[in-house]
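Welcome! Here is a short briefing to read alongside the structure shown below.

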Amino acid sequence: RASLRYLKVGRSLETMLMITPRAAIVLLTMINSCSAFTNAQGLVRRLGLTQQARILRSHSKARATVAMAAGENHFDYLVIGAGSGGIASARRAAQWGAKVAVVERGALGGTCVNVGCVPKKVMFNAATIMEMMHAAKHYGFTGVTEGAKFDWKFIKDARDKYILRLNGIYSNNLKNSGVEVINGLASFSGPKEVAVGGAKYTADHVMIAVGGRPTMPDIPGIEHCVDSDGFFLMDKQPKKVAVVGAGYIAVELAGIFNALESDTSLFVRGEKALRRFDPILCDTLDTEMKKQGMTVVPGATPKAVVKESDGTLTLQLEDGTSHGGFEQVVMAIGRSPLVDPLQLDKAGVTTNSKGYIEADEFQNTEAAGVYALGDVCGVIELTPTAISAGRRLADRLFGEKQESKADFDMVPTVIFSHPTIGTCGLSEQDAKKMYGEDQIRVYTSTFVNLFYGP
C-alpha cells in the first residue's frame with residue numbers, strides 16, 4: 001500500500017514538473033529521506049532543472065503529502081500565529097522547500113485583517129465619503145446632503161462579508177503554498193515542542209507571531225465599555241460616544257465617529273494626542289479635531305464608568321470631574337502582547353518588563369531555534385514590518401541568506417485620522433536625544449491643500 005502511494009506521488013511529480021519518471025523518483029526519495037535538505041536550489045542543481053519556481057512549489061506539496069501518509073508531526077518550520085507576519089514567513093519558507101505548519105486558534109489574517117487595518121479603512125472610507133458630501137457644495141453640487149442617511153449596520157455587514165472573503169483567500173494561499181494549518185490554541189510543552197488540542201508537534205525552527213490584544217484599565221464599571229476590537233462588533237452607531245486614548249488607534253476611531261456625525265469626545269491622558277510624534281503633527285491634529293467639532297479632554301485618567309438609570313454611561317476621571325450622557329465608551333489605551341497562553345518558560349523564551357518577547361535584530365529569542373516577530377515583540381507594531389521580518393527570517397533559515405534581516409531604521413507610517421498623517425524616520429524629539437539638540441535644525445512649512453481652493 002505504501003509503495004502504491006509512493007508511486008502515485010512520483011507520477012504526480014512527473015506531471016507537475018514535466019520531468020522524467022526517474023527524476024521524479026529521485027526527487028521524491030530526497031524529499032522523503034533527507035529532512036535536512038531544505039535548500040531547493042541544491043535540488044535544482046542535482047536534477048539539472050531550470051524551472052526553479054515550479055520546483056519550489058511542488059517540493060513543499062510533495063513533502064506535505066509524504067508526511068501526511070506517514071502521520072508525522074515534525075516540521076522544518078512551525079509558526080504560531082496566522083497573522084500577516086506569520087503567514088508571510090510560513091509561505092516564504094514553503095517556497096524555499098521547507099515543510100511548514102501554522103497554528104491558529106482564530107480567523108486567518110490576524111489583527112490587521114480582522115480587527116485592524118482592513119476593517120478600519122473601510123470605516124475610514126465611509127467617514128471620508130461623508131466629508132466629501134459636505135464639501136460637494138464648494139464644487140458646484142447641490143442637494144447632496146439633503147435627506148442623506150448613513151446606515152451603520154449596512155456598512156458593518158458589507159465589511160464583515162469582505163473580511164470573510166479575505167479569510168478564505170488567506171486559506172487558499174496557504175493551501176497553494178503547501179503550508180499545513182493546525183487549528184487550536186498553541187502552548188509550549190518543551191524546547192521546540194508545541195501542544196495543540198492534545199496533540200504535540202515538534203520542529204527544527206519555531207516562530208512566534210501571535211500579536212497582541214487590547215489593554216483595558218482595571219477600574220469599576222469597565223464591563224460597560226468596549227475595547228478597540230469591540231468597535232468592529234458594534235451593530236449600531238452611538239449618538240454620543242467617548243473614546244479614551246491618545247495613540248493612533250484612539251484618534252482614528254474618534255475621527256470616524258465624528259465624521260459620521262456622532263457627538264464625539266476624546267479623552268487623552270496628556271496635553272494632546274499623539275504626543276510621541278513630531279510636535280507639528282500632534283499640534284495640527286489637535287487643532288483640526290477641535291475645528292471639526294470634536295471635544296478633546298486633556299489630562300484625563302479614567303477612574304470609573306457608571307451606568308445611569310436611563311442606560312447612558314458616565315465617565316468619572318481621577319481629577320474629580322465627570323462626563324456623561326454617552327451611549328458608548330470605547331477604550332483604546334493601547335495593546336498588550338498575547339503571550340499568556342504560550343507557556344514561554346517551557347521553551348526558555350524570556351520577556352521584558354512589559355511582557356514583550358525579547359528578540360534581537362535577526363528575530364532570535366533566548367531559546368535556540370525559537371524566533372519572534374511582530375506585535376509580540378513591541379518594536380514597531382505595523383503590518384508591513386511584521387511581513388518584512390517574517391520573509392527575511394525565512395530567507396535566512398531556509399534560503400542560505402545568512403545576513404537577511406528586516407531594516408527598521410526608516411519606517412514610514414500613516415495615521416488614518418481626520419485629517420490623515422504621514423511620517424517617516426525619527427521624530428524631532430528623538431533626533432535631539434540621539435544627536436544632541438545643538439546638532440538639529442528643524443524646517444517647517446505650511447500650505448493650504450488644493451482641495452480647499454474653491
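Asn114 touches Ala107, Leu108, Gly109, Pro119, Ile163 and Asn167, leaving aside residues up to four places away in sequence; contact here means heavy atoms within 4.5 Å. This is a predicted model, where local features need pLDDT of at least 70 and side-chain atom pairs count only at pLDDT 80 or more, while totals for chains, interfaces and linings use all residues. Residues are numbered from 1 along each chain as its sequence is written, and side-chain values use heavy atoms, with hydrogens and water left out.

**Around Asn114**
- Asn114 belongs to helix α6, residues 110-115 (helices, H or I, of at least four residues and strands, E, of at least two are DSSP runs numbered from the N terminus).
- With 19% relative accessibility, Asn114 is buried (buried is under 20% relative accessible area, exposed over 50%, partly exposed in between, with a 1.4 Å probe and protein chains only).
- The Asn114 side chain comes to 3.3 Å from the backbone oxygen of Leu108.

**A three-stranded sheet**
- Strands β12, β13 and β14 form an open sheet in the order β12-β13-β14, with antiparallel pairing (two strands pair if DSSP finds at least two bridges between them).
- β12 (302-307) and β14 (322-326) are the edge strands, each with a single partner, so one side of each has no neighbour in the sheet.
- Five bridges link β12 to the antiparallel strand β13, residues 313-317.
- Pro302 sits opposite Leu317 in β13.

**Cysteines**
- The structure has zero disulfides, a disulfide being a pair of cysteine sulfur atoms within 2.5 Å.
- Cys377 is buried at 11% relative accessibility, whereas Cys424 is partly exposed at 42%.

Definitions and conventions. Polar contact = N/O pair within 3.5 Å; in protein donor to acceptor, adjacent residues only side chain to side chain.
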